[in-house]
Amino acid sequence: MPRPDSTHLHDSFQAFLQRVTRPIEFACRDAYAHLPAVKNLDHFVSDQVIGALGERLYPRALEVELLSLRNLFVDFHTRLTATEQQDRLSQALSLLRRLQESGVVTNQSTNTLKEKAQNVASVSYGPARRLWELSIQFAKGVGPKRTLLLERLGIRTVEEALWTLPWRYDDRSVITPVAKLMAGATSCICGVISQAEATRARARRLSILDVAVQDTTGTVHAVFFNQPYLEDMLKEGARVMMVGRVVAGRRGWMDLRMEPTQFEVLDGGEDELLHVGRIVPIYHETKGWTSRQMRILMQGLLTEYGGELEEVLPLSVRARHRLPPIGEAIHQVHFPPPKTDLAALERGVTVAHRRLAFEELFLLQAAMVLRQREVKEELKRVRFNPYAVQLKQLAQRLPFKLTPAQERVWREIQADMVAARPMNRLVQGDVGSGKTVVALHALVMACGSGCQAALMVPTEILAEQHYLNLRPLLEAVGLKAVLLKSGGTAKDRTAILKQVESGEAQVAIGTHALIQKHVTFANLGLVVVDEQHKFGVMQRKTLLEKGYRPDVLVMTATPIPRTLAMTVYGDLDVSVIDMLPPGRKPVRTLLYSEGQRHKTWQLVGDELRAGRQVYIVYPLVEESEKVDLKAAIQGAEHLQREVFPEVQVGLLHGRLPTAEKERTMAAFKAGTLQLLVATTVIEVGVDVPNATVMVIEHAERFGLAQLHQLRGRVGRGAHQSLCILMASYLVREARPRVSRDGKPEQNASNAQQRLAALVNSHDGFIIAEEDLRIRGPGEFLGLRQWGVPEFRAANLVRDVQLLELARQEAAALLEQDPGLTLPQHQAFKAAMCRRWQGKLALGNVS
């Protein structure tokens with residue numbers, strides 16, 4: 001990388017000084033005779049200074065001088081008398097001449113920039129300091145106590161701090177005089193507090209702080225509710241900047257007030273320019289650490305380490321997509337240049353944001369491509385027999401034929417299983433599409449070839465349901481299945497472990513604990529993972545560490561948006577069962593409020609009298625398990641005693657003994673129970689064709705994909721089925737609330753969008769895309785549940801095209817340099833391994 005020309009930097013700074021000096025000298029000529037003709041000097045000087053500081057990093061001493069120059073003109077045309085203006089002009093002229101004539105400061109600036117350029121140029125041979133290893137504790141102004149606060153924000157190193165991006169921005173570059181405020185506009189004002197009055201309304205337990213902010217053109221009142229701690233900050237005489245919406249008071253436009261969203265107490269310090277007079281970054285906060293402190297920290301880090309950020313993107317990739325260098329992108333994201341499009345900043349789509357997002361996605365996609373290649377290069381220890389006699393016996397036992405979609409996916413799985421390389425395949429299929437029976441064929445083929453198979457599910461209740469459903473079919477073809485769970489006696493568990501270890505049991509069904517310690521297989525050949533979303537990326541490593549090289553088949557009834565499929569399952573081949581069994585009718589979906597409950601019971605009663613069966617589902621989450629369980633139990637008792645005394649009501653939840661759960665399920669399948677009250681344990685695995693109504697209580701507490709799966713429990717027979725969503729609230733207001741850390745709260749409007757999406761669509765993939773759009777990647781089914789990589793700059797909803805581009809570039813790079821051995825790819829390879837080697841078991845890369 002060529003070094004910057006120090007002469008050019010020096011000339012550029014001198015040109016800036018000359019631009020600023022010319023109008024000031026003109027105003028001073030002939031004993032200030034031309035001063036009245038000079039307009040907007042305050043805005044001109046401010047823009048020039050901000051522009052100069054935004055272009056490059058200067059030493060702290062020079063920044064202080066430039067800030068002092070700007071401060072001389074902040075209120076030049078609004079508050080100063082002619083004599084005061086002349087004095088300010090004289091001070092400014094002296095400061096400018098000092099900067100022009102003194103070579104020390106400008107040479108220092110040039111030398112500093114030269115040193116930083118040399119640091120950047122040295123990246124190819126390894127940065128001066130490893131910022132990913134450098135603890136944030138040793139950054140200026142941090143120390144041990146503040147390190148603990150920053151760790152709450154996920155910041156442990158200097159690199160993590162520099163990659164902690166603002167979540168929004170305030171445009172404080174234009175200061176509006178109070179006299180020019182307009183109702184309905186969001187404005188930024190700067191003035192002095194002339195009055196601060198705190199009152200308390202005892203009846204409503206309400207505290208009110210009314211602050212009058214005055215500039216040379218007038219006074220405006222700003223009101224703060226229930227924030228008594230501000231009384232010590234917003235005192236009379238304090239100089240403040242406030243940003244907020246201007247609203248009309250009781251007397252209309254003559255009585256304007258401000259609803260502040262942000263404010264700063266201005267103390268005239270050297271860091272003042274970070275907080276006012278520019279586009280200001282707003283960061284997530286935590287108790288004891290504010291956005292203001294984060295800005296000061298960021299400026300210090302950029303000054304100290306900005307030139308040492310490691311450039312990991314290959315130059316050819318950056319040039320092809322016109323991506324700026326890493327140092328420039330990081331600086332512009334934290335401190336945008338003047339006149340940057342605020343809307344683009346807010347959406348995270350500026351050139352700088354795009355460059356950082358691309359880097360994150362490019363690193364992940366390259367790791368995924370390598371992981372997929374590694375899996376395909378593994379040698380399989382066993383070969384499966386596609387003509388195993390047990391497969392023929394299974395076909396004879398099944399009371400139905402596979403659909404064309406099931407047949408197609410089964411052929412893809414068979415081809416993988418007979419190949420020399422291990423299978424690593426994902427099967428997606430909507431609720432009721434028949435994934436389990438396809439997986440059953442794979443289990444039978446593996447065991448019929450002399451191997452063992454494991455079926456893993458997320459919860460023990462689902463493991464029990466799979467065991468109850470599959471055991472009769474497996475036993476009918478001569479295969480022994482066992483259920484491995486945490487409950488039961490130690491003697492029984494030991495016996496089951498011995499059967500697995502000896503090979504006596506061919507199929508083991510349980511949670512992901514099947515592949516943990518204490519469980520040893522005699523000859524594990526196939527692992528089927530059902531609804532364990534994070535397995536695709538995170539858990540194959542565990543199998544490898546135990547010495548297993550099985551075929552892996554991952555199944556999900558939760559449709560996965562393409563962007564998530566490329567990140568969560570980027571290392572898997574994908575099959576889709578895109579056809580429901582014949583005769584299925586779409587389920588009618590209704591959304592009712594609590595006030596319409598009588599309609600729900602009327603529809604349920606009609607179906608019960610017609611001889612059909614009904615599910616009523618209650619939410620159950622760990623955080624409120626006792627309360628939720630109580631609600632389900634009380635709901636079942638209320639229905640039996642007061643609503644439907646003429647029918648048999650059953651209750652199913654995870655706390656019941658296994659034997660009782662089995663009896664309840666068997667009774668409902670046999671039809672002796674007509675109405676089943678359950679927690680979400682029936683989400684997957686229950687198949688009762690005579691059940692035609694699904695009532696979901698507190699539907700707003702469920703995710704869209706989970707609701708879609710629950711709806712799939714009905715509509716499995718020839719009769720028209722119903723899904724009734726009971727919402728605790730239905731709202732018309734669509735204005736989101738914002739929590740203290742600035743994130744939108746999950747409010748009624750947000751929940752209603754999800755429920756409306758379910759009512760309007762039966763396509764699981766459309767529903768999943770909508771769920772991702774509404775809730776965002778951070779909350780879509782929960783990051784931990786999916787195993788979605790956490791990004792600092794990329795957004796899976798916004799950056800779909802960028803993700804595709806990163807995938808293409810990663811494939812092209814690894815085709816050109818399969819082992820990433822070329823010198824120009826070493827920084828990229830090292831960064832990829834740091835981020836992903838542990839999670840993806842990239843054993844052959846390092």
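A: On the face of helix α13 that is turned away from its buried side sit the exposed residues Lys392 and Gln396. The structure is a predicted model, in which local features need pLDDT of at least 70 and side-chain atom pairs count only at pLDDT 80 or more, while totals for chains, interfaces and linings use all residues. Residues are numbered from 1 along each chain as its sequence is written, and side-chain values use heavy atoms, leaving out hydrogens and water.

Helix α13 spans residues 389-397, and its buried residues are Gln390, Leu391 and Leu394 (buried: under 20% relative accessible area; exposed: over 50%; partly exposed: in between; 1.4 Å probe, protein chains only). Viewed down the axis of α13, these buried residues lie within an arc of 105 degrees, so they line one face of the helix (the arc is taken from the directions from the helix axis to the C-beta atoms). The cover over the buried residues of α13 includes helix α14 (404-418) and helix α15 (435-448). Helices (H or I, at least four residues) and strands (E, at least two) are DSSP runs numbered from the N terminus.

Arg425 counts as buried because its relative accessible area is 9%. Leaving aside residues up to four places away in sequence, Arg425 touches several residues, among them Glu412, Ile413 and Asp416, and also Val552, Leu553 and Val554 (contact: heavy atoms within 4.5 Å). Leu572, Asp573, Val574 and Ser575 are also touched by Arg425. With Ser575, the side chain of Arg425 forms a polar contact of 2.8 Å (N or O atoms within 3.5 Å, one able to donate a hydrogen and the other to accept it; neighbours in sequence count only through side-chain atoms on both sides).

Strand β8 is part of an open sheet of 7 strands, ordered β10-β11-β9-β12-β13-β8-β14, with parallel pairing (at least two DSSP bridges between two strands). At the edges are β10 (481-484) and β14 (573-577), each of which pairs on one side only. From one strand to the next, the twist averages 20 degrees (angles run from 0 to 180 degrees between N-to-C directions of axes fitted to C-alpha atoms, for helices over the stretch in contact). Within this sheet, β9 (residues 452-456) and β11 (residues 507-510) are joined in the parallel sense over 4 bridges; Met456 has Gly510 as its bridge partner in β11. Helix α16 (residues 460-476) packs on the sheet, where it touches β9, β10, β11 and β12 (524-530), and its direction makes about 170 degrees with that of β10. Helix α17 (residues 490-502) lies across β9, β10 and β11, at about 130 degrees to β10.

The protein also has an open sheet of 6 strands, again with parallel pairing, in the order β15-β20-β19-β16-β18-β17. Its edge strands are β15 (588-593) and β17 (649-652), each pairing on one side only. Strands β16 (residues 613-617) and β18 (residues 675-678) pair in the parallel sense over 4 bridges, and Tyr615 has Leu676 as its bridge partner in β18. Across β15, β16, β19 (691-696) and β20 (722-727) lies helix α24 (residues 704-711), running at about 155 degrees to β19.

For the protein as a whole, the secondary structure comes to 29 helices and 20 strands. Of its 846 residues, 53% count as buried. Among contacts with a separation of 6 or more, 74% are between residues 24 or more positions apart.
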